[in-house]
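Subject: Structure handover

Hello,

Here is the structure I promised you. Please open it first, then read my notes below.

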Amino acid sequence: MAEHLAPDDLLQEYAAGNLSEPLSLLVATHIALKPESRQTVRFYEDVGGALLEASAPESMSNDAFERVMARIEADAPVVPDGGTAAAPADDAERTREALPEGVRIAADVPAPLRDYLASTGSKASWRHRGGSVAELDLLPDFPGYKTRLLRITAGSRIPQHTHDGAEYTLVLEGSFTDATGRYARGDVSVADDEVTHQPVAGQESDCICLAVTDAPLKMTGPFGRILNYFVDM
Ligand code: ZN
């Protein structure tokens, strides 16, 4: 099954420190689960660092580019940044401790996201959105973004919709499938106003995702207008 890694430009912006807090959280959690993306981020960090060094006045010279590449090639092997470095047992225990009482996630939650979940408070709980979707707001006060954990009941679908802006979805547990493929733990889906989809959760378990949107979704199914009126997705 093909992996769905975060797009390169997103990883590059993350490495440069240019992403907003919600998207940084999503990428940090993604790279804790996907070594290949972690390596890409490390590469861009090295390129950025080396270019900065090379552009310092005292080190300007004709061989700047060669030195940049030599530095990158000589760099130490990638060391995991995040949750995956710890022993699995520790991670599971930390996850249980960090989760609010009303929010059960069977899979380990990587360190970056764990801290945000812990900050929602022990009384936080899933909010039912009707049908098969429940959500938990993270970063509720961050302007311009909606950052949520979504739980879609196993085997059920969320309403067909398109997007005014961008929608980034990182799968933490279970899976979902839409016209662009199947997304499992660690995979990232990016959808925008060109994409109309109706994600369906896999049968194996509820699908739990971290979803970041920078504009409300637009329901497009037969009851779309009514849903848009009631559902502030
Ligand atoms: Zn969508």
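The lining of the largest cavity divides into nine nonpolar, three polar and two charged residues. Here Ala, Val, Leu, Ile, Met, Phe, Trp, Tyr, Cys and Pro count as nonpolar, Asp, Glu, Lys and Arg as charged, and the others, Gly among them, as polar. A cavity is a set of points on a 1 Å grid over the protein atoms alone where a 1.4 Å probe fits but cannot get out, and lining residues have an atom within 4 Å of a point. The volume of this cavity is about 120 Å³, meaning the space filled by probe spheres set on the points, with grid points joined across faces, edges and corners. Of its 14 lining residues, Leu150, Ile158, Glu167, Thr169 and Pro199 are the closest to the centre. Strands β3 (146-152), β5 (167-173) and β10 (207-213) each supply at least two residues of the lining. The largest share, three residues, comes from β3. A search of the whole structure finds one cavity of 30 Å³ or more.

A word on the basis. This is a predicted model, where local features need pLDDT of at least 70 and side-chain atom pairs count only at pLDDT 80 or more, while totals for chains, interfaces and linings use all residues. Residues are numbered from 1 along each chain as its sequence is written, and side-chain values use heavy atoms, with hydrogens and water left out.

Now the helices. Helices (H or I, at least four residues) and strands (E, at least two) are DSSP runs, numbered from the N terminus. Axes are lines fitted to C-alpha atoms, for helices over the stretch in contact, and angles run from 0 to 180 degrees between N-to-C directions.

The axes of α1 (residues 8-15) and α2 come within 10 Å and cross at roughly 105 degrees. α1 and α2 are therefore roughly perpendicular (65 to 115 degrees). Leu10, Leu11 and Tyr14 of α1 meet Ser24, Val27, Ala28, His30 and Ile31 of α2; contact means heavy atoms within 4.5 Å. Six of these residues are nonpolar, two polar and none charged.

Tyr14 is in contact with Leu19, Ser24, Val27, Ala28, Ile31 and Val41, leaving aside neighbours within four places in sequence. The C-alpha atoms of Tyr14 and Ala28 are separated by 8.4 Å.

α2 (residues 21-33) also packs on α3 (residues 35-55), at an angle of about 120 degrees and with axes 5 Å apart. His30, Ile31, Ala32 and Leu33 of α2 touch Pro35, Ser37, Arg38 and Val41 of α3.

Best wishes

Notes. On a 1 Å grid over the protein atoms alone, a cavity is a set of points where a 1.4 Å probe fits but cannot get out, and a pocket is an open set with protein on both sides within 12 Å along at least five of seven lines; lining residues have an atom within 4 Å of a point. Angles under 35 degrees count as roughly parallel, over 145 as roughly antiparallel, 65 to 115 as roughly perpendicular and the rest as oblique.
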